[in-house]
Amino acid sequence: MEKEKNKSVLLLESFYQLVSAILGQTMNSEAELRRIMSDNVTGFGTGKHEIFNSYEEFIEKIYKVFGKQLPADAKLYFFDVQYTMLDTVGIVYGTYEINYKLDGVENHYHGRRSTVFEWNNDCWHAIHLHVSEPSAHLAEGESFPIKALKAQNEELKKQVNLKTEELYNSLRNLQDTQQQLIQSEKMASLGELTAGIAHEIQNPLNFVNNFSEVNKELLLEMKDEIDKGNITEAKLLADSLIDNQEKINQHGKRADAIVKGMLQHSRATSGKKEPTDINALADEYLRLAYHGLRAKDKSFNATMKTDLDASVQKIDINPQDIGRVILNLINNAFYAVNEKKQQEPDGYEPTILVSTIKCNGKVQINVSDNGSGIPQKVLDKVFQPFFTTKPTGQGTGLGLSLSYDIIKAHGGEIKVETKEGEFSKFILVLPAFAYL
Ligand SMILES: Nc1ncnc2c1ncn2[C@@H]1O[C@H](COP(=O)(O)OP(=O)(O)OP(=O)(O)O)[C@@H](O)[C@H]1O
Ligand SMILES: [Mg+2]
């Protein structure tokens, strides 16, 4: 009887020692394992590959991989340990908890272990062991961690909501900043514009003032000559007066054009939008520009081509404003081909192509010409108000800056592709959906 009691105490002791040694919590764990485990021990761990059929395999596949992973000061507690003894076979099963700190954070690990021992040479030897992890995720009465998964889903949902809100907030911030940027850009361009106007108008005004003063002197001189009876002299003075008067008129017109351009600028974004047939509009303005130029210069000629995408439906735009943009692009194109024609008259065929394309919910209107192209150093400035390479009286340099404003006000984009001496292509991209 006494011996039987001893055997059961030894059985439980062996179990404790075995678990401690497997977890690397004993001084000389490997020697301890060698003593307690049978050569032919079999068993399973919790993982898919944790299966062994001998002591060697156990050491290689389990102990060397998973043992000693716990910090040395981990605390191991057993509870609910049960055993059964049948003569030379003992079965022990129980639960344990390991408490350990990792990076300063307290962790708890729960394990279940059942071990079959064989009594041999007055000693218990483990012949089969089985580890399982009563998952911390399993709730009372569950075989599958449904509750834990649900909770996890809830947690994920919460996090997604949180992140979404964070995203919304940063989007709102971004939009605010963008708004402020647009505002300050507007202010800056307004400042730029005001300075530009002052400068631009100052020039023709100076001419007008200077020439009218000169003319006054000339008129006084003319009176003198008439008094003296020098008609020839007087006529020469009259010729100078006519020349100067023409210059005054030219510069006056320039100032007029600048003011008109400015007025267009100021109402560039106020136009009402309505469903408009872009193809018809492009076609109409191409003709308008052509006849306008022909009226000014009879020798002017160019091949006009259109390639209009029939799938482009009506889009919501202000037809006058967009018309003005197209007209300016076409006028610029005609100017560029005309320039080139004058430089290389033979074999050069001035060509303007207006095309439309619908893609990705947007409509593109392209105005291309095989004219002089735009040099890189000019390209950066073409959208600036008053930037022009044209001689006085031919351009105010407001066309593209006005076009830019109009296209922006329509939520669109204006881009340019060019090769110096070969071609220029201005691309307008407009949203094809009803624009709010
Ligand atoms: N198709 C083109 N080919 C070559 N250069 C161009 C073309 N379009 C524009 N440019 C260049 O960009 C400049 C600015 O064009 P923008 O339309 O703003 O003004 P402008 O035509 O000079 O004057 P405005 O349009 O006010 O009469 C032009 O002077 C020219 O140098
Ligand atoms: Mg222009």
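Predicted model: local features only at pLDDT ≥ 70, side-chain atom pairs only at ≥ 80, totals over all residues.
**Entry: the overall count**

I started with the whole chain. The chain has 436 residues, and 23% of them count as buried. Then I looked at contacts between residues at least 6 apart in sequence: 62% of these join residues at least 24 apart.

In what order do the six strands of the open sheet lie? I read the order as 2-1-6-5-4-3, with mixed pairing. At the edges I have strand 2 (51-52) and strand 3 (75-86), each of which pairs on one side only.

Next I went through the pairs. Strand 1 (residues 37-44) runs parallel to strand 6 (residues 123-132), and four bridges link the two.

The antiparallel part came next. Strand 3 and strand 4 are antiparallel and share ten bridges. Met 85 has Gly 90 of strand 4 as its bridge partner. Strand 4 and strand 5 are antiparallel too, with 14 bridges between them. A reminder to myself: strands of a sheet pair through backbone hydrogen bonds, either parallel or antiparallel.

**Entry: the turns of this sheet**

I checked the hairpins. Strand 3 and strand 4 have two residues between them, and Asp 87 in that turn shows a positive phi of about 55°. The hairpin of strand 4 and strand 5 also has two residues between its strands, and there Asp 103 takes a positive phi near 50°.

Then I followed the chain on to the loop between strand 5 (105-120) and strand 6, where I found Asn 121. Asn 121 is not a glycine, yet its phi is positive, about 50°. Asp 122 sits in the loop between strand 5 and strand 6 as well, and its phi is near 60°, again positive in a residue other than glycine.

Is Asn 121 buried or exposed? I counted 5 other C-beta atoms within 10 Å of Asn 121, so it is exposed; the cut-off for exposed is 12 or fewer. Asp 122 has 9 other C-beta atoms within 10 Å and is therefore exposed.

**Entry: a look at Gly 94**

I picked one residue in strand 4 (residues 89-102), namely Gly 94. Which residue of strand 5 stands opposite Gly 94? I found Arg 113 there. Arg 113 also turns up among the contacts of Gly 94 once neighbours within four places in sequence are left out, together with Phe 78, Asp 80, Val 81 and Gln 82. Ser 114 is 20 residues from Gly 94 in sequence, but the C-alpha to C-alpha distance is 6.5 Å.

Why does Gly 94 count as partly exposed? It has 19 C-beta neighbours inside 10 Å, and a residue needs 20 or more to be buried.

**Entry: helix 3 on the sheet**

I went back to strand 1 for its helix neighbour. Helix 3 packs on the sheet and touches strand 1 and strand 2, with its direction at about 50° to that of strand 1.

Which residues of helix 3 (residues 55-66) are buried? I noted Phe 58, Ile 62 and Tyr 63. They lie on the same side of helix 3, because they cover an arc of only 85° around the axis. On the face turned away from that buried side I found the exposed residues Glu 56, Glu 60 and Lys 64.

Strand 11 (residues 362-369) is mostly covered, as six of its eight residues are buried. Strand 11 is antiparallel to strand 10 (residues 351-359), with eight bridges, and Ile 357 stands opposite Gln 364 in strand 11. Two residues lie between strand 10 and strand 11 in their hairpin, where Asn 360 takes a positive phi near 50°.

Strand 11 also pairs with strand 13 (residues 423-431), antiparallel over eight bridges. There I put Ser 368 opposite Lys 425.

Notes: Residues numbered from 1 in each chain as written. Chains lettered and ligands numbered in written order. Arc of directions from axis to C-beta. Pairing = 2+ DSSP bridges. Contact = placed C-beta atoms within 7 Å. Axes fitted to C-alpha atoms, helices over the stretch in contact; angles between N-to-C directions.
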